[in-house]
Amino acid sequence: MQLQDQSLWRQQAYIGGEWCDAAGGAVIAVNNPADNSPLGSVPDMGEAETRRAIAAADAALPAWRRKTGKERGAILRRWHELILQNIDDLALIMTLENGKPLAEARGEVHYALSFVEWFAEEAKRIYGDVLPNTRSDQRLMAIRQPIGVCAAITAWNFPCALVTRKVSPALAAGCTVVLKPAELTPYSALALAELGRRAGIPDGVFNIVTGNPVAIGRELSGSSIVRKLTFTGSTATGRLLMEQCASNIKKLSLELGGNAPFIVFDDADIDQAVDGLMFSKFRNAGQTCVCANRVFVQENIAAEFSARLQRKVNALRVGNGLQDGVEQGPLINAAAIDKVQRLVADAIDKGAQVLTGGALHALGGLFYQPTVLSGITPAMTIAHEEIFGPVVALSTFTTEQQALDMANDSAAGLAAYFYAGNIDRVWRVMEQLEYGMVGVNTGMISNEVGPFGGIKESGVGREGSRYGMEEFMELKYVCMAGKL
Ligand code: SIN
C-alpha cells in the first residue's frame with residue numbers, strides 16, 4: 001500500500017505520547033476484508049498496558065483541564081486542518097481495513113472532520129448559570145467542569161467518524177482519553193492519533209490501546225480513575241460494559257444496535273422514498289446501526305415501490321472498494337456473512353420471496369449480493385434482529401396505526417424513517433415513533449449538528465451536537481454565602 005505520507009501507517013499503540021508494543025511483543029493480525037490479504041498487525045494489549053494508558057491520561061489531565069476552551073479549541077482546529085490535508089491517505093487506510101468503497105471512505109473522513117470542527121468551536125462555549133438566590137446573603141451558580149479521564153471504545157463500521165465523534169467533545173470539554181479502536185480496523189484511529197500529535201495534542205491527552213477487547217474493556221470499565229465510558233457497538237457488549245461500570249457508578253454513553261423501521265405511506269413521493277432507502281440501506285454495505293432494517297410499504301403502492309427499488313438494487317456495483325465505480329464492498333468478516341445467510345435462509349423458510357439477490361456474490365469471499373426480500377412477517381428472525389448486511393426486508397401494511405404498531409414493535413429505539421406527504425400525518429407519525437432519531441422524507445440523518453443516539457435498548461446519551469459536550473462534563477452547584 002502506498003500512502004502519500006507513509007508515516008501515517010502506524011502499527012503500534014500510542015500511550016503517553018509514545019508509540020509502543022505490548023509487553024512481550026504479542027500482536028494481532030489485521031486483514032483486508034476485500035481479499036483477506038494481510039495488512040499488518042497491532043499490539044495485542046491487555047490489562048497492564050490499559051492501566052499504563054489510564055495512568056498517562058490521569059497524569060495529563062490537570063494541565064489539559066487548566067487550558068482555556070479557546071486554547072483547546074485551537075489545537076482541535078489544527079487537528080482538523082491536518083486531517084483535511086491527509087484525507088486521501090485516511091480514506092485509503094479505511095477502505096483497506098474496512099472494505100467500504102473509496103468514495104464512501106472519503107465521505108466518512110469528511111463526516112469525521114465535521115465533529116472535530118464542531119467541537120473545536122464548542123470548546124469556547126462552555127457556559128454555566130447564575131441562579132436566583134433564595135437568601136439575600138447567598139449567591140448561587142452552576143458551573144460545568146470536565147468529567148476527567150474518559151474511556152472510548154469504537155466499532156469497526158466507522159473507523160474515523162466514531163473516533164472523532166467521541167474524542168473531539170471529550171478533549172474540547174477538558175477531558176483526557178484512552179481509546180480502544182475495533183481490533184478489525186485499528187489503523188484509521190492510529191493515523192488520527194499521529195495527526196493529533198502533530199497538531200499539538202499534548203502527550204497523554206489522547207492515548208490508544210489496541211488488542212484484547214475483553215481485557216481492555218474490563219480494565220477501562222473497572223478503573224475508578226476513568227470517570228466516563230463511551231461505547232459504540234452491539235447491545236450485548238453495551239449491556240456487559242454497563243454492568244461492569246456499575247461497580248464504580250461510571251458515567252456512560254452507549255450507542256448500541258438499532259432495528260430501524262422505514263415506512264412508506266401512499267402519499268409519499270415514491271422515487272424520493274426509493275432513493276432514501278437505497279442510501280439508508282446500502283451505506284457501508286448495510287453495516288450501520290441506523291440502516292433501514294424493516295421496510296413497511298402501504299399495500300396500494302407496494303408493487304410500484306418494489307419494482308422501482310429492484311431496478312436500483314440490480315444496478316448496484318459490488319466489488320473491491322479500491323476500484324472505480326464500486327458502490328458496495330465486502331462485509332467485514334465471515335461472522336457477518338454467516339449472520340446474513342442465516343437471516344435470509346430463515347426468512348425464505350418461513351415464506352419470504354426473494355425479489356433479487358439472496359445469496360453470496362459471484363466474487364466469493366465476503367461479498368454478498370444486494371438483496372430484496374418481500375413478504376416479511378413477525379415470525380421471521382429478520383424482523384427482530386439487526387441485519388447488518390445489504391438485505392432489504394419488505395412488508396406491507398394497510399393503515400397508519402398498523403404501520404406505527406409494526407414500527408414500534410422492537411426493543412431497539414435508535415433511528416426510524418418515514419415518507420409521507422400529508423402534513424398532519426407527518427406530525428402524528430413523527431411524534432408516535434418510539435425512536436431517538438427520526439428521518440422524515442429522508443434516509444440520511446447523520447451530521448455533526450443533530451443529537452445522535454437512541455432510546456430503549458439502543459443506548460443512553462447523545463453524540464455530536466451541542467448536547468454531545470454535556471456527556472463529558474459535570475455540573476457543579478455552588479452556594480456562596482457572605483456578608484452581603
Ligand atoms: C454507526 O453505525 O455506528 C454510526 C452511523 C452514523 O453515524 O451515521
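Predicted model: local features only at pLDDT ≥ 70, side-chain atom pairs only at ≥ 80, totals over all residues.
**View 1. Helix α1 against helix α7.** The axes of α1 (residues 47-66) and α7 (residues 213-222) come within 8 Å and cross at roughly 40°; axes are lines fitted to C-alpha atoms over the stretch in contact, with angles from 0 to 180 degrees between N-to-C directions. Helices are DSSP runs of H or I with at least four residues, numbered from the N terminus. The pair is therefore oblique, the class left after under 35 degrees (roughly parallel), over 145 (roughly antiparallel) and 65 to 115 (roughly perpendicular). On the α1 side, E47, T50, R51 and I54 meet A215, I216, R218, E219 and L220 of α7 (contact: heavy atoms within 4.5 Å).

**View 2. Helix α3 against helix α4.** Helices α3 (residues 87-98) and α4 (residues 102-122) have axes that come within 8 Å and cross at roughly 120°. This makes α3 oblique to α4. Residues of α3 in the contact include I87, L90 and M94, and those of α4 include L102, V109 and L113.

**View 3. Surroundings of the ligand.** Residues around the ligand include Y111, F158, R165, T232, R283 and F452 (a heavy atom within 4 Å). Oxygen atoms of the ligand lie 3.1 Å from a side-chain N or O atom of N157, 2.8 Å from a backbone N or O atom of C289 and 2.5 Å from a polar side-chain atom of S446 (polar contact: N or O atoms within 3.5 Å).

Residues are numbered from 1 along each chain as its sequence is written, and side-chain values use heavy atoms, without hydrogens and water. Local features need pLDDT of at least 70 and side-chain atom pairs pLDDT 80 or more, whereas totals for chains, interfaces and linings use all residues.

Technical notes: Helix = DSSP H or I, 4+ residues; strand = E, 2+ residues; numbered from the N terminus. Polar contact = N/O pair within 3.5 Å; in protein donor to acceptor, adjacent residues only side chain to side chain.
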